[in-house]
Amino acid sequence: MSGWDEGAVYYSDQAQFPESGSDASAAAPSRHTILQKFKEFIRNFESKSNVFPYRESLVHNPRSLLVHLEDLLAFDAELPSLLRSSPADYLPLFETAAVEVLRSLRLKEQAESGEMKEPEIREVQILLSSKEDPVSMRFLGAQYISRLVKIAGITIAASRVKAKATYVSLVCKNCQSTKEVPCRPGLGGAIVPRSCDHVPQPGEEPCPIDPWMVVPDKSKYVDQQTLKLQENPEDVPTGELPRNILLSVDRHLVQRIVPGTRLTIIGIYSIFQGANSSTSHRGAVAVRQPYIRVVGIEEVNEGNSQGHTAFTQEEIEEFKRFASRPDAYEAVCSKIAPSIFGEENVKMAVACLLFGGSRKNLPDGVKLRGDINVLLLGDPSTAKSQFLKFVEKTAPIAVYTSGKGSSAAGLTASVIRDNSSREFYLEGGAMVLADGGVVCIDEFDKMRPEDRVAIHEAMEQQTISIAKAGITTVLNSRTSVLAAANPPSGRYDDLKTAQENIDLQTTILSRFDLIFIVKDRRDYSRDKIIASHIIKVHASADATSADTRVSKEENWLKRYIQYCRNECHPRLSESASNRLQNEYVRFRQDMRKQANETGEAAAVPITVRQLEAIIRLSEAIAKIKLSHVATEADVVEAVNLFKVSTIEAAQSGINQQVTLTPEIKQAETQIKRRIGIGMRISERKLIDELARMGMNESIVRRALIVMHQRDEIEYKHERRVIVRKL
């Protein structure tokens, strides 16, 4: 038994209190063991034989390391669960492991003195990524605090970059002794001790309470930025306001995100005490505000907007089989708003808008848009808003807004002052939120002109420039615009010229690729078919068996649109280009001829933008068939669509060629009897008098138009009074 009392410490593997202690010690492995496991993972994880992705990634980029949680799970099943349950404890360990591995991988460097020394390595930021489905922002509750969460959304605001201290350097006012205090990560602060550790010498004054002063110059800092993440517009339940949450990003994730970007983030759901929280919570110490400390960002590009980009092999085969059908284009058009009767041309235009043309980047940096803009203009009750609602449901990304309720800032971007920091930040509007999708604007004609001007740039250049409150920036808004409007008088009036019916500026009209004039025609047989169709729709509305099939069809169309937009970027063939050139020149000649005859410019201008519109339409028709080349047949289809929409709109309304029927001549004679040369009469009174004689009102109006064109009469007092000249 010699040496038993020599003061050494003996230990046994058996626990002294097996009931209480053993489970806890077995469940929580020591930090050293975890550190070794992390180091082993970075060094030894193989994706293929003899390929070590994390080791190579560290050598190439020593500042940050992106780790997939699936790889971590394949290496050791315990590590991801530890990271998920208490990330704040184990992420710093992981970063320490990465630094140590990097130090061992680096060769020694030669110092100035000539000796070999260890390379200086700062810190490595670990970024996480995972393939699991994101959680909805609405379900984040108290049970997720201090755990790893994954959520998707759209950034609506980004603050300026601030410096956040990781270690605060303190100095005592009394004895000048220094101390370094670590700061909590995220939006947490440092805990400053109340008293100084210095032991006073005899005769020396002891240090008072709270002696520490912060020395900012000697503290250590990292970059930090706060973002505001809002729910994706398509995930917000009907009638609810979209939720948003604060994000805190630091180090290499700073300044990577601009407002309007769609993100999927992994982060630690944390809480902080608001600086100047509302007065009701001022005394409530226990009430904290949640935020997410981001540890991994995936930017969702325009293609994989919905997050589920992974199309199964069966889906891809089904899509290709569908696209190879000779009637693929017609089949897609028949799936567009099936509850609306007729309007085949509008359905074709909406199909082209959903699929879109090809975006092009030229060598000199000019970007040509591929998105198609469509304007539906016409009578009430012609299903314009129904088309807009259908597109909102079907497009992968869509924002619906009404003209009267939208301001310029709400459509583009607004500058808002933060309550706590009093600094300005940008918040994106509807055009920014719908980046890569469609904006549906109803009641387009009711918008104030100054608000309508704000979307000019967004519709052609596809960017939104902001220069307000010291913020000068450019945001992306690569969106298609589908707008619906009524003529100024409420109904489309055939007795007015195109300019009077389409009361929009030329500048905005030229930005629309297709302009449809939707009229409510009174036709006995057509009315009968429409009536039976609407009654059938109402009668079969509650049939639940068909309901699932309809939603399945909608979902299929959404997925097909997504697949086509991702995979297919058609270009024009040689023969198609020549055909298009000839068609465009002919359109311009026809318009010049019409302008010469009527003596005034067309209401809808035919410019180079319209040529680009036909190119985009041809590409969209080719994209529906998953073809990589737009053929001459596609161009013919696009030109026909352009003719029945924009060209028809430009030539609509009353023009010079009013056929002189005997009724019109008779009405002219009566008007001349009523008014002597140089006399004036109210138009309404004249029409009423002639109507009492049994003459048709529209015939009288046509006769007045003919006389006005011959310069026999002129209008005064806002066209209310007629003066006879000849």
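The charged end of Lys 220 sits over the ring of Tyr 167, 5.4 Å from its centre. A charge counts as sitting over a ring if NZ of Lys or CZ of Arg is within 6 Å of the ring centre and within 35 degrees of the ring normal. This is a predicted model, in which local features need pLDDT of at least 70, side-chain atom pairs count only at pLDDT 80 or more, and totals for chains, interfaces and linings use all residues. Residues are numbered from 1 along each chain as its sequence is written, and side-chain values use heavy atoms, with hydrogens and water left out.

**Aromatic pairs**

- The whole structure contains 12 aromatic pairs; rings of Phe, Tyr and Trp (its six-membered ring) pair if their centres lie within 6.5 Å, with planes under 30 degrees apart counted as stacked, over 60 as edge-to-face and the rest as tilted.
- The ring centres of Phe 319 and Trp 556 are 5.8 Å apart and their planes meet at 65°, so this pair is edge-to-face.
- Phe 322 and Trp 556 also form an edge-to-face pair, at 4.9 Å centre to centre and 75° between the planes.
- A cluster linked by ring pairs comprises Phe 319, Phe 322, Phe 355, Trp 556, Tyr 560 and Tyr 563.

- Over the ring of Trp 556 sits the charged end of Lys 335, 5.3 Å from the ring centre.
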